[in-house]
Amino acid sequence: MSATAVRRTALAASAAALALLATACGGSGETDQAAKGDGDGASAAAAAPAAKALTAAELEKAALAQSDVKSGKVTAKVPASDDIAAEKVTADDAACLPLARAQAGVAQGEPAATAKRSWLGTPKKPAADSKPEDALLAALDVNKTLITLASYDGGAAEAALKGLKTAARKCAGGFTATIGGERTKFLKAATDAAPQGGDEGLALTLTMAADEGVRAPVKITVLREGATVATFSTINMAAMAAGKDYRVPADVIAAQAAKLG
């Protein structure tokens, strides 16, 4: 999602956009831990035989379903705006391309098969006496997560995680990417505490340069289970518009990880 979209949606959303959102909603040891996990994961991968890549049908079966979560709405067919083609994602510095792909929900490398899902949390109801602008921001104070599953042949799944970890280190000071035709500047890439589940994982916060000097955080979580890599790109429009931090939906990530395990 571009900086322009952040401001347009969060700060100048129309009543129609708000109604659409309401309808959709109806239905800790950071750097050291990441470095340690990178080495341990590489050693384990070298010792174990390569897992078999899941087929497209198997990925669809393993993808998150509505019955797997207790809240929010799971969408099996993501809209075109969330299904960006790999060639539509570029980075000025090629070393940072894995981060741009992860943010856009595009699989790393050349997967054997992919599957996508999206999850939208349920917003809290604003107080009855809330001002219109406060009610709008309350409706937008909800997480949306784009989930991309990708299976790989050989050791390409391990290589995908290694590439992301390398990109996080090389591009910690920021990078510029073009996603779906929109140019976006990311001010930094920070490694967060590694997620639970899977054979190895990575969590990042990318700070996007939005309009009016806002520093909008975007959350990326990646898990590898065998030859499958699950990428979770999470946004919260209200938090991003205000430049505030927010938490990823850990229960949703855990539910998807459990299905892959």
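A residue is called buried when its relative accessible area is under 20%, exposed when it is over 50%, and partly exposed in between, with a 1.4 Å probe and protein chains only. Helices (H or I, at least four residues) and strands (E, at least two) are DSSP runs numbered from the N terminus. This is a predicted model, in which local features need pLDDT of at least 70 and side-chain atom pairs count only at pLDDT 80 or more, while totals for chains, interfaces and linings use all residues. Residues are numbered from 1 along each chain as its sequence is written, and side-chain values use heavy atoms, with hydrogens and water left out.

Helix α5 (residues 97-104) is mostly covered, with 7 of its 8 residues buried; these are Pro98, Leu99, Ala100, Arg101, Ala102, Gln103 and Ala104. Just after α5, Gly105 adopts a positive phi of about 75°.

The axes of α5 and α7 (lines fitted to C-alpha atoms over the stretch in contact, with angles from 0 to 180 degrees between N-to-C directions) come within 8 Å and cross at roughly 110°. The two helices α5 and α7 are therefore roughly perpendicular, a term that covers angles of 65 to 115 degrees, whereas under 35 counts as roughly parallel, over 145 as roughly antiparallel and the rest as oblique. Where they are in contact (heavy atoms within 4.5 Å), Pro98, Leu99 and Ala102 of α5 meet Gly163, Leu164, Ala167 and Ala168 of α7.

A nonpolar core is a set of buried Ala, Val, Leu, Ile, Met, Phe, Trp, Tyr and Cys residues joined through side-chain atoms within 4.5 Å. Two such cores are listed below.

| Core | Residues in core | Named members |
|---|---|---|
| Largest | 43 residues | Leu99, Phe175 and Leu206, those with the most contacts inside it |
| Second, separate | 19 residues | including Val69, Ile147, Ala257 and Leu260 |

The largest share of the 43-residue core, 6 residues, comes from helix α7 (residues 156-170). Leaving aside residues up to four places away in sequence, Phe175 touches Cys96, Leu99, Ala100, Thr184, Lys185, Phe186 and Leu206.

The open sheet has 9 strands in the order β1-β3-β4-β9-β8-β7-β6-β5-β2, with antiparallel pairing, where two strands pair if DSSP finds at least two bridges between them. Because β1 (73-75) and β2 (89-91) stand at the edges with a single partner strand each, one side of each lacks a neighbour in the sheet. Within the sheet, β6 (residues 182-191) and β7 (residues 200-209) pair in the antiparallel sense over 5 bridges, and Thr191 stands opposite Leu204 in β7.
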